[in-house]
Amino acid sequence: MDEISTQSGGKEEMFQENLNITLRPIALSDVDKVSKFCLWDTYTSKEQALNYIKDHAISHPWHRVICIENRAIGTISVTPFYHGSDVCRGELGYVLAHKYWGKGIVTKAVKMVVDSVFKEWPKLKRLQALVHVGNKGSQRVLEKAGFEKEGVLRNYIVMKGEIVDSIMFSVLVE
C-alpha cells in the first residue's frame, strides 16, 4: 500500500507520486462531504446529502469525485458561466475529507482539472477560484497548482450567515 506522510507547521509535504488519484463522475453512493469552508451548512442527515447529490451534483456540467485507489475522499467541480461576456470563464471549487488535508492530493486533482477542462471547453480562457481569507491551505493548493492571487474581495460573500472576505485566484489558458 502506498504511504502518505506530511509534517505540520508548513514544513515540507510529501506523498507517493505513484498514488492513484483519479477523478470520476459523482454518484448517489458519494455522501461524505467536508463543509468547513463551504458556503452551505453542514448536512444534518444522510438524506440531505443524498438529495444534494441527486438534485444538484449529478446534473452539474463538471462535478467529479476525488478518489484514492477508487475510494471517494472529496469532490471537485468547475461551474461555467453561460451568458454574454462571461462565457470565457469558469469557477473551480473543491472539498476534501479532513484526514487527507496537507498531503498534496487536492493540488494534484486541481492540476488534473486544469489540464482537462481547458481542452473540454474550448471557449474557456480563465478558471477562477474564490477562497475564504482564513483558508490558508486552500490558498497554498491553488498557488502550487499554478493559480495566481489577484486580490482580496472585501465583504464579498455570505458564508453560513456571515459576510466574509474572499481571495480571488485564477489561471489562464496557455
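## Salt bridges

The side chains of Arg89 and Asp86 come together in a salt bridge, with 3.0 Å from N to O. The coordinates belong to a predicted model, and this pair should be read with that in mind.

A search of the whole structure finds two salt bridges, and another pair to consider is the one in which the side chains of Glu150 and Arg126 meet at 2.8 Å, N to O. This pair links distant parts of the chain, since Glu150 sits in strand β8 (residues 148-159) and Arg126 in strand β7 (residues 126-132), 24 residues apart. Its two members fall into separate accessibility classes: Glu150 counts as partly exposed at 44% relative accessibility, whereas Arg126, at 19%, counts as buried, because the limit for that class is under 20%.

| Residue | Relative accessible area | Class |
|---|---|---|
| Glu150 | 44% | partly exposed |
| Arg126 | 19% | buried |

## The chain as a whole

The secondary structure comes to three helices and nine strands, and from the N terminus on the elements follow the order β-β-β-α-β-β-β-α-β-α-β-β. Of the 174 residues, 36% count as buried. The accessible surface comes to about 10400 Å², and 51% of this surface belongs to carbon and sulfur atoms. Among the contacts with a separation of 6 or more, residues 24 or more positions apart account for 60%.

How many of the residues of strand β4 are buried? The count is six of six for this strand, which spans residues 63-68 and is mostly covered. In a regular strand the side chains alternate between the two faces of the sheet. In β4 both faces are covered, with His63, Val65 and Cys67 buried on one side and Arg64, Ile66 and Ile68 buried on the other.

Strand β4 pairs with two other strands that can be followed here. With strand β3 (residues 21-25) the pairing is antiparallel and runs over five bridges, and within it Thr22 stands opposite Cys67. With strand β5 (residues 71-80) the pairing is again antiparallel, over six bridges, and here Arg64 stands opposite Ile76.

The hairpin of β4 and β5 has two residues between the strands, and in it Glu69 takes a positive phi near 50 degrees, although Glu69 is not a glycine. With a relative accessible area of 34%, Glu69 is partly exposed. Lys160 shows a positive phi of about 50 degrees and is likewise not a glycine; its place is in the loop between β8 and β9 (162-172), and Lys160 is partly exposed, at 36%.

## Cysteines

How many disulfides does the structure hold? The number is zero. Cys67 is buried, with a relative accessible area of 1%, while Cys88 is partly exposed, with a relative accessible area of 29%.

Gln139 belongs to helix α3 (residues 136-144) and is buried, with a relative accessible area of 9%.

Gly104 lies in the loop between β6 (89-96) and α2 (105-120), and counts as buried because its relative accessibility is 17%, below the limit of 20%. The C-alpha atoms of Gly104 and Val141 are separated by 7.7 Å, although the two residues are 37 residues apart along the chain.

Key: Residues numbered from 1 in each chain as written. Predicted model: local features only at pLDDT ≥ 70, side-chain atom pairs only at ≥ 80, totals over all residues. Heavy atoms only, no water. Buried < 20%, exposed > 50% of the residue type's maximum accessible area, 1.4 Å probe, protein only. Helix = DSSP H or I, 4+ residues; strand = E, 2+ residues; numbered from the N terminus. Pairing = 2+ DSSP bridges. Disulfide = S-S within 2.5 Å. Salt bridge = Lys/Arg side-chain N within 4 Å of Asp/Glu carboxyl O. Contact = heavy atoms within 4.5 Å. Areas by Shrake-Rupley, 256 points an atom, 1.4 Å probe, with all protein chains shown as cover.
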